[in-house]
Each structure stands twice: as C-alpha cells, then as structure tokens.
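User: Could you walk me through this structure with some questions and answers? I would like to look at it first.

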Protein chains: 2
Amino acid sequence: MRMSRMIIPTLREVPAEAEIPSHKLMLRAGMIRKLSSGIYNYMPFGLRTIKKIEDIVREEISNFGGQEILCSALLPSELWKESERWDKMGSEMFRLNDRNEREFCLGPTHEEVFTDLVRSEIKSYKQLPMNLFQIQTKYRDERRPRFGLMRCKEFIMKDAYSFDVDEDGLNESYNDMYQAYQNIFERCSLDCSPVEADSGAMGGSGSAEFMVKSEVGEDEVVFCKSCGYAANVEKAPTVAEILDKEEMKDLEEIETPEVKTIGDLEKFFNTSAKKFGKTLIYYADGKSVAVVIRGDREANEVKIKNAIGGAVDFELAPLHIIKEVTGAEVGFAGPIGIKTDVVLVDLEIVELSNFITGANKTGYHIANANYGRDFEGVVGDFRKIENGEQCPKCGEEIEIARGVEVGHIFKLGTKYSESMGANYIDKDGKEKPILMGCYGIGIGRTMAAIIEQHHDEDGIKWPLALAPYEAVVVPVNVKKEEHMNAAEEIYNKLKEMGVEVLLDDRNERAGVKFKDSELIGIPMRITVGKNITDGMIEFKLRNQPEKELVSVEDVYDKIRDEYKKANMFIK
Amino acid sequence: MRMSRMIIPTLREVPAEAEIPSHKLMLRAGMIRKLSSGIYNYMPFGLRTIKKIEDIVREEISNFGGQEILCSALLPSELWKESERWDKMGSEMFRLNDRNEREFCLGPTHEEVFTDLVRSEIKSYKQLPMNLFQIQTKYRDERRPRFGLMRCKEFIMKDAYSFDVDEDGLNESYNDMYQAYQNIFERCSLDCSPVEADSGAMGGSGSAEFMVKSEVGEDEVVFCKSCGYAANVEKAPTVAEILDKEEMKDLEEIETPEVKTIGDLEKFFNTSAKKFGKTLIYYADGKSVAVVIRGDREANEVKIKNAIGGAVDFELAPLHIIKEVTGAEVGFAGPIGIKTDVVLVDLEIVELSNFITGANKTGYHIANANYGRDFEGVVGDFRKIENGEQCPKCGEEIEIARGVEVGHIFKLGTKYSESMGANYIDKDGKEKPILMGCYGIGIGRTMAAIIEQHHDEDGIKWPLALAPYEAVVVPVNVKKEEHMNAAEEIYNKLKEMGVEVLLDDRNERAGVKFKDSELIGIPMRITVGKNITDGMIEFKLRNQPEKELVSVEDVYDKIRDEYKKANMFIK
C-alpha cells in the first residue's frame with residue numbers, strides 16, 4: 001500500500017484523554033479513534049491487527065473442533081427471562097424496545113442464544129460433544145469505560161460454548177479450551193498466566209482467567225512462586241492467622257464518644273488493629289448483611305456475595321439501614337445483638353480472643369468479645385488475601401501483582417441447560433441436561449495487552465505475526481528519481497514475495513517517516529537513500545537498536561530470515 | 001471437516017415461515033436460524049459463504065483504493081442531530097439510552113460517522129481523494145421484516161464513502177465504485193443490472209441501484225430492451241400520453257350520489273378512466289397536498305415526496321383532513337377550489353380536455369374541467385410508469401420486471417459535509433466542503449439473491465467460489481473398512497491440495513448424504529462405494545445431472561479442471 005493514498009492519522013502529541021501506554025499509542029499510531037465514551041472506531045492499522053488476532057483465535061479454536069457461527073447482537077428479552085438473567089443483569093445491559101414495544105437487549109454475552117440454538121438442534125448423545133464459537137460484537141453499559149480498548153461499551157469478543165453429555169466430557173472440553181487459550185496467547189506473544197477465578201454471575205463451577213501481568217491491569221492476581229499457584233484475589237482462599245489464645249474475659253462496655261474509625265480505635269485503646277472486630281453492613285437485594293472481619297483486613301465482596309447466594313443489587317448499606325439494624329449512629333456497629341438478616345463471620349474472628357468491637361450503641365464499644373459465647377453467625381472466608389500471606393496451596397509466601405484479564409473460561413455445568421430445557425437423550429433412552437462450558441477472549445483487550453507488553457518510548461513494537469504491515473520501504477527523498485525507482489522496485493518485489501509492505505511515498509522528511517514507522521511499530525524498515533548509488537540500502541528492525549547497511553540483493557534473504565524466526569511462511 | 005462432528009441442521013420439511021426459495025433453502029440447508037422476527041443467526045455453512053462474499057467485496061473495493069475501517073454500531077445522537085437526521089429517520093431507527101440517559105441509536109447507515117471521522121482527519125486537498133469502507137452490522141426497525149435475509153432488522157452491510165475535492169473527483173470515485181460493483185456481482189455469479197434510482201432520504205444527486213431480476217424481488221424495475229435504459233419505477237420519468245384535444249366546454253355540476261370510485265364513475269358516465277382526473281390527498285409533516293392524476297394512473301409517492309422537498313411523516317390524509325380541505329365526504333375531491341396547502345398536477349392532466357373530476361361537494365362531480373381555465377397548481381411528473389409505456393430515453397416500449405436491490409451507489413455531494421462542517425483547504429487556500437459519495441452492498445441479501453438465481457428443486461447450486469465447502473467425499477457405508485479407508489485417503493489428499501472439503505463420515509444411508517449434499521449445494525461430490533475394489537469412484541457435479549465413474553488417480557485432475565474453469569487457484 002502506498003502511504004500517500006492512506007489515512008494515517010498519527011499524532012505527535014499524547015492525547016489528554018489517554019492514561020495508559022496502549023491507549024496512548026493506539027491513538028497516536030492512528031489505530032483507533034474515539035467516537036463516544038467507551039466507543040471506538042478502528043482505523044485501517046487497528047483493524048488489520050484486530051483481524052490477525054481474530055484469525056489466530058479462529059484457527060486455534062477450530063483446531064480443537066470449534067465450529068464458527070455468528071449470532072445477532074440484538075436479542076429478544078424472552079430468552080433472558082427464561083434464564084432469569086433479564087433482571088439480574090442490571091444496568092450493565094443495554095435495553096431497548098422495537099416499534100411494537102417488544103423488549104430487546106444488546107447481548108453482553110450469549111449463553112442464552114447458544115443454549116437456545118442447541119436445544120432446538122441437539123436431540124441425541126450421538127450429536128455430542130460439540131463446540132460452537134463466534135467472533136462478534138458485545139455491548140456492556142459500563143459505569144466507567146476507561147483505558148481505551150481495555151474497558152469499552154462496544155467491543156469484539158470471541159465466545160465459545162461447549163456442550164457435553166457428562167462431567168468427564170465437560171472437563172475434556174474445558175481442558176481443550178485451556179490448551180487452545182495457551183496456544184493463542186503464546187502466538188500473540190503475550191506473557192500470560194491462567195489463574196483460578198471466581199465464576200460469579202456466570203454461574204457454574206470452576207473457571208480460570210488468563211491474566212497478562214501489567215501495571216495498568218485492573219485485576220489483582222495472587223501468585224505463589226513456590227508452587228505456581230495463581231488466582232484472582234477475588235477467588236484466592238485465605239488462611240486464618242492464629243494469634244495467641246487468651247482466656248475469655250467478661251464483656252465490658254466502654255464509652256468511646258468520638259472514636260469511629262479503626263485508626264481512632266488503635267489510638268484510643270493503644271493496641272493493634274488485629275485486636276478489633278470490624279463490622280461492615282451490606283444491603284443485598286433488600287436484605288441486610290453484617291460481615292465481621294479483623295480490623296486490619298479488607299472485605300472480599302465477591303466471597304460475601306457468593307456466601308449469600310448472589311445478589312443483583314449489592315452495596316454498602318445506606319445510613320438509615322445501618323441505624324435500623326444497629327440502633328446507633330455509623331461507627332458503632334458490632335456483631336453482638338445486631339439485627340441484620342444475615343451475620344457473616346470471618347474465620348479469623350473465630351480465632352480471635354477478647355476482641356474489641358462496636359456496641360450497637362452510639363458512643364460505645366465493647367471489649368472482650370468472643371465468638372460463640374457472645375454471638376454467632378455463618379463462619380467462612382470473607383476477606384481479601386494480602387501480599388505476603390500464606391499460599392493456600394503450599395503455605396509459602398504469596399505475591400500480589402496487577403493483571404489484565406484477556407480470556408476467561410468457565411464450567412457452566414447445567415445452569416443454562418436446566419433453566420432453558422436444553423436436554424439430550426442418552427444411550428439409555430433417558431432425557432438429561434447438556435453440560436455446558438463457556439469461553440471468552442476480548443479481542444480488542446488482547447490487542448491492548450500486547451501493546452502494553454511490546455512498546456518503548458518511540459511507539460509500538462509489533463511482533464511480526466501481528467503487525468498491521470510487516471515492512472515499510474522508505475525512500476529518503478521522493479523527489480529524487482533514483483530513490484523512488486529503487487524503492488518502488490524493492491516494494492514490488494516484496495509484494496510479490498507475499499510481504500505485507502508499505503511504501504512511504506509521502507512527500508515528507510525522512511525523519512517524519514522514521515518516527516511514524518516506529519510509532520506504528522512496523523517490524524522491518526528498508527530505507528533507500530544516498531547509498532543506493534552503490535546498490536546499498538539501510539535495513540532496520542523495530543525491536544533492535546542497530547541499523548545495517550545491506551546490498552539490495554541481500555535484503556530479501558534478510559527479510560526471509562525474519563519470517564523463519566517467527567515461524568511464518570513467505571515465498 | 002468431518003461431518004460427524006459438525007452441526008448440520010438440515011431440514012427435510014419446508015419451514016412454514018418461509019415464502020421464497022432463498023429463505024426456504026437457507027433454513028433447510030441449515031445456513032441460518034431465526035432468533036426473532038427479522039433477526040437471524042448464521043450457522044457454519046451460512047457464515048462460510050457470507051465470509052466468501054465479504055472477501056470478494058473487500059478485494060474489489062480495495063482494488064479501487066478503498067481502505068477498510070470498522071465503526072461502532074452504537075452511535076451517539078449528537079452526530080445525527082448535527083445532520084438533522086435524528087428526527088427524520090423516524091421509527092425505522094432503533095433508539096436507546098445509556099445508564100446516564102444519553103441518547104444513542106443503532107446505526108442504520110453511517111454517513112454521519114464517516115463525515116465526522118474525515119472532518120477531524122482531513123485538512124488539505126493533498127489528502128484527497130479518499131475512499132473508506134467497512135463491512136459491519138446495521139440495524140433497521142423494519143415495519144415488516146420478511147423473506148429471510150432479504151429484509152432484516154439486523155444485517156451485514158458493506159458501506160463505502162468517498163471524499164473528493166470537486167464534482168469531477170466525485171464522478172470519478174462514483175464511476176470507480178460503479179465498476180467495482182459490476183466486478184463484485186459478476187464474481188458472485190449474479191445476473192445484475194445497474195438501474196437509475198431515486199436518491200430519496202440519503203440526499204444528493206445521482207444514484208444507481210444494482211438490481212438482480214427475480215420474481216421475488218420487492219422492487220419494480222423499468223427496462224428498455226431497445227436502448228438498454230433501466231431504472232427503478234420510483235425513479236423512471238413518464239412521458240405524458242396525448243389524447244385527442246377537444247374544444248373547452250362549460251363546467252357542469254352533475255349529481256353522482258353513490259358514485260365514488262373510478263370504477264363507479266366509468267359505469268355512471270359510460271366512459272374510460274382516462275377521461276377522469278383523480279385527486280389524492282396526502283398529509284405530509286402537517287401539510288395537506290392534493291395530487292391530480294388521470295383516473296387510470298397510479299400515483300408515485302417518491303416523486304410526490306421529492307416535489308414537496310421531502311417529508312418525514314407522509315401518508316394518505318386522514319378523513320378529517322379530507323373533509324376539511326374538500327368540504328365534502330370522501331370520494332368527491334377535485335382540484336377546483338380545493339383548500340390544500342399544495343396542489344400537484346400531473347403532466348397528463350394538463351394535456352386532458354374536458355375531464356370529469358370531483359366537485360368538492362358530497363354527491364357531486366364536475367364535467368368539462370380544464371387545467372389553466374378552471375384550476376392551477378405545480379405541474380410535474382407524479383405518476384408511476386406502466387408496463388408497455390414509452391421509454392423516457394428512446395420512446396420504445398418499456399418492460400417492468402421485479403428485482404432485488406443488492407447494491408446502491410449515491411452521489412451525496414455536500415449534503416453532509418456542509419451540515420457537519422467537513423471542509424478542506426484547497427490549493428488556493430480557501431476552505432471548501434468535501435464532496436461525498438456513499439456506496440452500499442447488503443451482504444446477506446446478496447447471498448439470498450445468489451440462491452434465488454442458483455437453485456433447483458433439490459437445493460442450492462453454489463458456484464465454486466461461493467460454496468461453504470467446495471467438495472464432499474461420501475463413503476457409501478462407513479462400516480465398510482475399504483470405503484472408509486479410501487474416502488479418508490481422498491479426503492486427506494484433497495485437503496492437502498487446498499480444497500475446502502467435507503468427509504461425510506456420518507453413519508447414515510448414502511441417500512441421506514446425497515440429499516444433504518445437494519440441498520447444501522456442494523459443487524463436487526466424490527462417492528466411494530463398491531467400485532472402489534477396482535479403484536473407481538463416482539464423481540458428480542452439483543450443476544450437472546450426470547455422474548461419472550472415474551479412477552481414483554484421475555479424480556484429482558478432474559477437480560483441478562473445475563478450479564481452472566472458475567479461475568480459482570489450487571495446488
């Protein structure tokens with residue numbers, strides 16, 4: 001492609017709207033343009049790389065028997081009511097009516113549609129297992145769209161769904177996708193780890209997230225260097241810290257007029273936050289939930305939600321609810337005598353002797369509280385794991401790092417097949433629900449993650465297999481015939497070889513062209529300048545600092561070598 | 001691909017919901033499945049052909065310098081308000097609000113988005129001309145979705161937009177796309193004619209529709225065998241028929257108590273419908289419009305709308321308006337003394353002497369009406385052309401046929417660039433509006449049109465370049481080792497050659513497999529049966545009735561020949 005005829009909207013300035021490298025570079029390299037908050041247009045360079053990622057995904061999922069289909073984005077509410085997710089999806093789902101006032105949504109995910117397809121096409125165990133997938137546009141009305149393609153309202157996703165006769169089959173399908181995902185992210189040159197994840201609102205048992213370690217990631221991931229354990233902090237179980245046991249003392253009410261926060265309490269009682277029992281009050285679908293954790297710990301809302309069987313509306317309780325269940329102003333809640341519908345007690349609270357907690361009375365705390373004697377509740381793991389804690393698997397120290405979730409695989413089990421009646425007839429003639437799995441990859445987010453891991457201060461450093469164009473031929477001065485003629489010749493020869501090549505025939509200074517090609521991240525640059533009179537050109541790889549003077553005849557083999565190294569075919 | 005592992009939802013029965021061959025066959029061949037009225041899922045066979053059509057379109061548009069981008073479907077209302085189409089699009093546009101009550105629509109077309117992109121990226125004449133296109137999903141809330149992929153609520157479209165400095169440039173861009181479209185539809189094996197079309201709500205001057213002649217088409221197209229003229233009936237100008245001129249007689253009011261329709265009048269006055277002036281009353285955006293045409297003619301609402309400068313709400317006037325402007329019951333409207341805001345008079349009425357028309361008085365008609373003496377109005381062409389009328393170009397007899405519109409190209413001119421401020425700086429330093437063209441192809445509708453032109457009673461007859469799979473190897477009995485082994489060998493060899501081949505390894509009777517392969521429309525079938533012991537197989541082309549007994553060695557060259565005939569490459 002001749003660059004003089006292309007729309008190449010590169011920017012010298014860093015756009016104010018962008019905070020993270022991938023977002024800045026995609027804007028600066030002219031790969032995307034924002035249309036509205038969380039809504040982007042893909043420009044030619046962006047779309048080309050998107051399509052390469054899609055092709056890698058398509059190939060690897062197909063290799064494991066996946067069959068590609070394409071479902072609509074506009075989905076009738078009936079299906080979502082059958083699975084009981086029409087209400088559960090809350091305000092993250094875009095809803096609309098057609099001219100006849102029929103309700104639709106824009107699909108944020110497609111479990112219902114695939115389950116519906118399969119229930120009408122699959123009758124017998126003979127037709128299973130099956131894996132169907134699509135690469136399609138999804139919609140989520142994000143509260144805070146951000147970081148460019150990392151979190152959008154409209155985004156391209158690969159979603160696959162597996163259908164099996166039994167648990168063994170589901171496990172096999174799940175493991176196949178696990179392997180396919182590892183292949184995909186490896187081919188995308190991503191340093192990516194599968195981690196245990198919570199299955200959350202998707203339902204089902206067992207799931208893994210594919211996490212790209214990145215400072216800009218929105219997720220926190222627990223890693224154990226010792227045993228290799230990896231999990232989302234939302235999911236990672238905690239091991240209760242056992243402090244010295246004391247003999248139980250009598251409860252004591254203490255006046256603590258202006259003492260409300262854990263910090264205040266530490267000062268007032270002159271003791272560590274570990275000696276306090278902190279009581280948080282949530283409001284979940286109309287029910288009040290008290291959660292008691294140690295004063296130095298953080299609550300894990302995912303674990304709390306799971307413990308109460310899920311909730312559509314889940315938030316810290318409003319003031320009037322707090323007053324109602326404690327009978328006191330905010331800051332004095334405690335587990336003893338609290339009137340919430342549910343009381344959840346963290347494992348560490350059970351291990352704690354004679355702790356201090358709110359008295360459910362304005363201006364008072366209670367000392368020497370003890371679980372069992374003074375209050376009871378549902379005991380479990382309700383807190384977030386912290387850096388340096390024990391690994392839940394091997395007991396060694398864990399580490400917490402930030403990550404970007406690029407893929408997620410779930411075992412759904414029979415959640416959808418049961419609610420929507422997707423059954424098959426087994427060998428024994430009995431009707432049974434199909435076992436399902438679902439498997440997603442964010443295509444745009446994967447592109448962003450690749451840029452996060454492959455860039456420098458000058459721009460993107462595309463791996464050869466993902467670059468929008470693989471090579472650029474730069475005539476230093478388009479007005480000099482000898483530059484242009486040689487450049488054209490090399491350009492045509494490379495096109496013939498099958499190289500995806502640009503000819504930068506714009507009437508610009510060489511410096512501008514170099515800057516653009518580095519910003520866009522073209523892996524190979526062939527510069528045709530004054531040395532062409534000796535039959536020499538300059539060859540430069542984007543990921544190497546050195547330039548090399550090479551004869552025109554030798555450059556083609558040099559280029560072939562790069563394809564060989566990348567395991568790619570070229571003529 | 002092994003068919004035993006595929007979802008092949010073929011149907012023996014003709015689905016009740018389908019009326020036309022393409023719709024029936026796409027359902028029966030398992031290419032699509034309906035999700036909701038006008039909303040379909042593409043199954044594997046359907047999607048594969050869709051992608052082949054997309055690739056042909058992509059290649060031909062790129063050959064003329066088109067650059068592919070991808071815009072969002074979710075579009076903010078602001079852009080549509082700038083172009084003043086937010087209200088004009090009416091109830092055909094899906095509208096929705098996000099969680100912050102911001103208004104969005106689902107793009108029914110993308111002029112606004114592309115104009116917005118270009119106004120922020122294009123500054124100078126040096127960057128022009130430019131052609132940007134996308135293959136993307138569109139949304140229209142059709143009043144009556146029908147005929148499968150012919151008229152949907154959600155559909156895939158290629159839309160291209162050209163940007164030029166002047167009329168000459170626009171004409172060149174338009175002609176390029178005209179040529180690209182002819183190439184595309186030829187490669188799609190479609191018998192397709194470009195016809196003059198009305199530019200309607202898209203605005204601008206000059207447009208052509210690419211029409212596939214088909215009995216099931218929703219459009220009527222005028223063709224002239226003599227000079228090659230072709231136009232949509234909506235657009236085709238009419239030539240006024242000149243009847244014998246008479247001397248003007250005096251107006252005469254005649255009591256016609258129960259005479260309301262043209263049929264009634266013909267009987268009552270014992271004369272031809274040609275002697276009547278029929279007055280239709282429309283209501284357009286709050287204005288009343290009377291249209292006078294000859295009694296035997298049909299009104300052309302597109303021409304009428306254009307004559308009044310367009311209208312969002314346009315319909316035959318409700319009763320109370322008719323009574324208000326005529327002062328009479330329905331059935332007695334006439335041009336003399338009518339109180340509509342506008343009176344449109346068809347050319348033939350001007351030519352008509354002493355005609356009969358309504359008296360604007362219940363129970364009365366007027367005889368001997370004459371344009372000029374008795375009434376005036378805006379004279380023009382407001383009627384539909386009829387079969388057998390004179391060609392507006394050469395005067396010979398025209399023919400009207402039904403057609404399916406698969407593509408449409410428009411010269412938009414400066415309609416959008418002026419309303420949205422998409423300007424460039426010309427050589428002389430002056431700011432000027434960019435001239436635009438827009439160019440659409442319905443991908444799914446093209447697939448449907450191909451099936452309309454390529455099928456028989458047994459199923460689809462895909463041209464090789466468009467078939468979901470190009471060949472199928474059918475072992476007659478999968479339980480016979482010699483059948484399966486030979487079939488596998490041929491299957492693998494064909495895969496190696498690059499043939500897109502199926503192995504029908506399902507445990508079904510050969511008859512079932514043959515029926516499926518004919519229904520799906522696989523161009524080449526290789527059957528491995530009892531003759532394999534002599535090294536012979538049966539070779540059959542879908543578009544030929546004969547089968548042929550061929551040796552296994554010879555079949556590969558036979559297959560290569562088919563690719564050669566189709567101008568396709570194979571190893």
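**A methionine and its neighbours**

Analyst: Leaving aside residues up to four places away in sequence, B:M93 touches B:W80, B:W86, B:C105, B:L106 and B:P108, where a contact means heavy atoms within 4.5 Å. A word on the ground rules: this is a predicted model in which local features need pLDDT of at least 70 and side-chain atom pairs count only at pLDDT 80 or more, while totals for chains, interfaces and linings use all residues. Residues are numbered from 1 along each chain as its sequence is written, chains are lettered from A and ligands numbered from 1 in the order in which they are written, and side-chain values use heavy atoms, with hydrogens and water left out.

User: Is B:M93 buried or exposed?

Analyst: B:M93 sits in the loop between helix 3 (77-82) and strand 5 (95-97) of chain B; helices (H or I, at least four residues) and strands (E, at least two) are DSSP runs numbered from the N terminus. Buried means under 20% relative accessible area, exposed over 50%, and partly exposed in between (1.4 Å probe, protein chains only). Since its relative accessibility is 3%, B:M93 counts as buried.

User: How far apart are the C-alpha atoms of B:M93 and B:T109?

Analyst: Along the chain, B:M93 and B:T109 are 16 residues apart.

User: Now the interface: how much area do chain B and chain A bury between them?

Analyst: The size of an interface is often given as the accessible area lost when the parts come together. Here that buried area (1.4 Å probe) is summed over both parts. The contact takes 54 residues from chain A and 54 residues from chain B. With 60% of it on carbon and sulfur atoms, the area buried between the chains is about 4,600 Å².

User: Which residue of chain B forms a salt bridge with A:E121?

Analyst: A salt bridge needs a side-chain nitrogen of Lys or Arg within 4 Å of a carboxyl oxygen of Asp or Glu. Between chain B and chain A there are 4 salt bridges. In the one formed by A:E121, the closest N and O atoms are 2.6 Å apart, and the partner is B:R33.

User: How many residues of helix 4 of chain A are buried?

Analyst: Helix 4 of chain A covers residues 111-121 and is mostly covered. Among its buried residues are A:F114, A:L117, A:V118 and A:E121.

User: What kind of peptide bond joins A:L128 and A:P129?

Analyst: A:P129 is found in the loop between helix 4 and strand 7 (130-139) of chain A. Most residues other than glycine have a negative phi, and most peptide bonds are trans. In chain B, a cis peptide bond joins B:L128 and B:P129. For A:L128 and A:P129, omega is about 0°, and the bond is cis.

User: What is the phi of B:E101?

Analyst: B:E101 lies in the loop between strand 5 and strand 6 (103-106) of chain B, and at 57% relative accessibility it counts as exposed. B:E101 is not a glycine, yet its phi is positive, at about 65°.

User: And how far apart are the C-alpha centres of domain 2 and domain 3 of chain A?

Analyst: An automatic or database domain assignment sets the bounds. It gives domain 1 (31-236 + 400-451), domain 2 (252-380) and domain 3 (459-565) in chain A. The C-alpha centres of domain 2 and domain 3 of chain A are separated by 66 Å.

Notes
Buried area is the accessible area (1.4 Å probe) that two parts lose on being put together, summed over both.
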